[in-house]
Amino acid sequence: MPDTGARAARTTVPVRRRTRFELHPGAWWLWSLGLGTAATRTTNPLLLALLVAVAGHVVAVHRSSAPWARSYTAFAKLAVAVLLIRLAFTAVLGSPVPGTHVLFTLPEIPLPAWAQGIRLGGPVSAEALLFSGYNGLKLAALLVCVGAANALAGPARLLKSLPGALYEAGVAVVVALTFAPHLIADVQRLRAARRLRGRPDRGLRGLFQVGLPVLEGALERSVALAAAMDARGYGRTAEVPARVRRTTTALTLGGLLGVCAGTYGLLTAEGGVYGLPVLLAGALAALAGLRLGGRRSPRTRYRPAPWGVRAWLVAGSGAAVAALLALASVRDPGALHPGVVPLAAPTLPLWPAAAILLGLLPVLVVPQDRKEPS
């Protein structure tokens with residue numbers, strides 16, 4: 001008889017597992033929100049372009065092959081569309097910025113007397129387009145930063161890391177995010193099946209004949225999920241004293257109000273002094289409320305994402321970029337908000353640009369996804 005053991009030893013190839021360091025999703029979101037906050041503090045196109053380049057480079061280095069990682073391209077296209085729409089609205093509806101360099105003139109439509117202050121068409125100046133482009137680029141950079149967070153750490157991963165007080169809300173949102181791709185896959189599968197059978201998959205008739213099976217499958221999936229969640233004790237809470245409940249409510253609501261007020265202060269030029277302290281105080285109060293609220297849902301978490309030194313460095317780099325750009329907007333507002341009247345080219349301030357480069361710290365401290373052969 002042949003030696004099967006020796007044959008197995010000769011034919012077995014050791015499989016090398018693919019190892020990947022998974023950073024806590026909250027660190028990626030804090031990093032991206034820090035870059036987004038920095039984008040709101042300036043209208044300098046050079047600094048905004050540098051912010052977009054930093055976010056894009058980090059995404060290119062650390063983006064995984066998961067389906068949700070492809071959302072960065074969609075956010076980048078949305079950012080370009082927002083910028084173009086802003087310029088188109090400025091050209092059609094005009095701008096309050098006076099300009100002497102007229103690029104072209106659109107046919108003007110006369111409006112009634114009650115629409116004074118609004119015009120359709122007319123001369124379009126370079127100053128108006130430049131002012132609108134600066135503000136549109138700020139919004140585009142903010143969208144790119146949010147897209148970077150979605151590409152590096154999907155919302156589902158972030159919601160799974162929520163504290164116990166937000167367990168029910170996190171599960172509901174995760175279920176919603178999970179069901180949406182299933183519905184799209186069901187629609188594509190049913191349309192492909194109808195095309196193979198030679199039946200129409202477009203128009204009103206195709207919509208009804210595809211939509212009904214999709215809704216039926218979604219209903220069955222929902223009933224099965226509800227039964228599974230009920231069997232696992234979803235929605236059951238532990239008994240806590242009334243004093244703890246009142247303290248939790250006061251801390252959470254007060255903290256959220258403080259976060260809103262502090263965020264408003266950071267986004268406005270007048271509230272730069274009180275914005276950061278109010279934001280920090282509100283965040284601490286909200287975290288304390290969530291910590292106390294977690295007593296109502298004593299649950300264990302399967303394979304929790306670790307928050308280590310690398311997570312602190314990544315989140316801290318984004319916070320540093322936001323803080324330094326906020327400081328620069330107070331110290332040197334002319335460099336971060338270049339004027340358009342008179343028409344002049346923007347300049348690149350050196351130390352705010354160096355502060356933005358701190359956002360590249362995740363490239364150095366977070367190990368890359370090494371693809372090993374199997």
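Me: At what angle do α4 and α5 pack, and how far apart are their axes?
Reply: In this predicted model, α4 and α5 pack with their axes 8 Å apart and at an angle of about 165°. Axes are lines fitted to C-alpha atoms, for helices over the stretch in contact, and angles run from 0 to 180 degrees between N-to-C directions. That makes α4 roughly antiparallel to α5.

Me: Why quote both an angle and a distance?
Reply: Two packed helices are described by the angle between their axes and by the distance between those axes.

Me: What should I know about the model before going on?
Reply: Residues are numbered from 1 along each chain as its sequence is written, and side-chain values use heavy atoms, with hydrogens and water left out. Because the model is predicted, local features need pLDDT of at least 70 and side-chain atom pairs count only at pLDDT 80 or more, while totals for chains, interfaces and linings use all residues.

Me: Is the crossing of α4 and α5 left-handed or right-handed?
Reply: The crossing of α4 and α5 is right-handed. A crossing is left-handed if the near helix is turned anticlockwise from the far one by less than a right angle, and right-handed if clockwise.

Me: How many helices and strands are there altogether?
Reply: The protein has 14 helices and two strands. Both are DSSP runs numbered from the N terminus: helices are H or I with at least four residues, and strands are E with at least two.

Me: Back to α4. Which residues does Leu87 touch?
Reply: Leu87, which is in helix α4, is in contact with Leu129, Ser132 and Gly133, leaving aside its neighbours within four places in sequence. Contact means heavy atoms within 4.5 Å. The C-alpha atoms of Leu87 and Tyr134 are 9.9 Å apart, although the two residues are 47 residues apart in sequence.

Me: Why is Leu87 called partly exposed?
Reply: Leu87 has 26% relative accessibility. Buried means under 20% relative accessible area and exposed over 50%, with partly exposed in between (1.4 Å probe, protein chains only). For the protein as a whole, buried residues make up 34% of the 374 residues.

Me: Next, α2. How does α2 lie against α5?
Reply: The axes of α2 and helix α5 (residues 126-152) come within 9 Å and cross at roughly 175°. These two helices are therefore roughly antiparallel to each other. Among the residues making the contact are Trp28, Trp31 and Leu35 of α2, and Leu142, Cys145 and Ala148 of α5.

Me: And how do α2 and α3 cross?
Reply: The axes of α2 and α3 come within 10 Å and cross at roughly 165°, so these helices are also roughly antiparallel. Here α2 passes α3 in a left-handed crossing. The residues that meet include Trp28, Trp31 and Leu35 in α2, and Leu48, Leu51 and Ala55 in α3.

Me: What sits in the loop between α2 and α3?
Reply: Thr40 is found in the loop between α2 (25-39) and α3 (45-62). Thr40 counts as buried because its relative accessibility is 16%. A polar atom of the Thr40 side chain lies 2.5 Å from the backbone oxygen of Thr37. A polar contact is a pair of N or O atoms within 3.5 Å; within protein, one must be able to donate a hydrogen and the other to accept it, and residues adjacent in sequence count only if both atoms are side-chain atoms.

Me: New topic: how many disulfides are there?
Reply: A search of the whole structure finds zero disulfides, a disulfide being a pair of cysteine sulfur atoms within 2.5 Å. As for individual cysteines, Cys145 is buried, with a relative accessible area of 2%, whereas Cys260 is exposed at 53%.

Me: What about β2? Are Gly121 and Ser125 buried or exposed?
Reply: Gly121 and Ser125 are found in strand β2. Gly121 is buried at 4% relative accessibility, and Ser125 is buried at 9%. Not counting residues up to four places away in sequence, Gly121 touches Val92, Leu106, Pro107 and Glu108, and Ser125 touches Gly99, His101, Val102 and Leu103.

Me: Last one: where is the cis peptide bond?
Reply: A cis peptide bond, with omega about 0°, joins Val341 and Pro342. Pro342 lies in the loop between α12 (333-336) and α13 (350-356).

Methods. Angles under 35 degrees count as roughly parallel, over 145 as roughly antiparallel, 65 to 115 as roughly perpendicular and the rest as oblique.
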